[in-house]
Amino acid sequence: MSDERDSADANSDGAEDDARADAAETQRGGQTAVVAPARPTGKRSRQRALSTTAAEADADTEGAEGPAKTAKVSKAKKAKAASGGGVLAPFKFVWTYLTEVVNELRKVIWPNRKQMVTYTTVVLLFLAFMVAMIALADMGLARLVLLVFG
């Protein structure tokens, strides 16, 4: 339950707000604008949805042009892939790999300084706790072995 509507107008059912929202939507033509955030938010679902719809649109246009066009495109891709051999192929592979690594690293949402300090502190505290627990278990088992086997 939320306490957001504890004001004097809490008794109304919100019909006035719905009517205003509907009127504003009809003025805009029934469409809502999607504004991309200035900074990355860590949510990639919107980007995936946009890229998926773009890929589906490309697939639809390929199918509309006919199977002959699609066959030509696939033959061209196979010929291009087959001609990739030679002396420069390993260097091209490494260069392509490195450019893809850089592109992926640009997509990473890096933690800021405060987050990094917090994460590092948590890891070090957990590490100290586990070391102490294992050391105590080791000493306890060592004493148990000394008692049993003398």
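Is L144 buried, exposed or partly exposed, and what is its relative accessible area? L144 is partly exposed, at 46%; buried means under 20% relative accessible area and exposed over 50%, with partly exposed in between, using a 1.4 Å probe and protein chains only.

Before going on, the basis. This is a predicted model, in which local features need pLDDT of at least 70 and side-chain atom pairs count only at pLDDT 80 or more, while totals for chains, interfaces and linings use all residues. Residues are numbered from 1 along each chain as its sequence is written, and side-chain values use heavy atoms, without hydrogens or water.

Overall, the chain has 5 helices and 0 strands; these are DSSP runs numbered from the N terminus, helices being H or I of at least four residues and strands E of at least two. Of its 150 residues, 1% count as buried.

Back to L144, which lies in helix 5, residues 113-149. With L141, V145, L147, V148 and F149, L144 makes a nonpolar surface patch of about 690 Å². Patch residues have over 30% relative accessible area and no salt bridge; like charges are joined within 9 Å, and nonpolar side chains (Val, Leu, Ile, Met, Phe, Trp, Tyr) within 5 Å.

Now the salt bridge, meaning a side-chain nitrogen of Lys or Arg within 4 Å of a carboxyl oxygen of Asp or Glu. The structure holds 1, between E104 and K107, at 3.3 Å, N to O. Both residues lie in helix 4 (residues 89-107), 3 residues apart, about one turn of the helix. E104 is partly exposed at 47% relative accessibility, and K107 is partly exposed with a relative accessible area of 47%.

Methods:
Areas by Shrake-Rupley, 256 points an atom, 1.4 Å probe, with all protein chains shown as cover.
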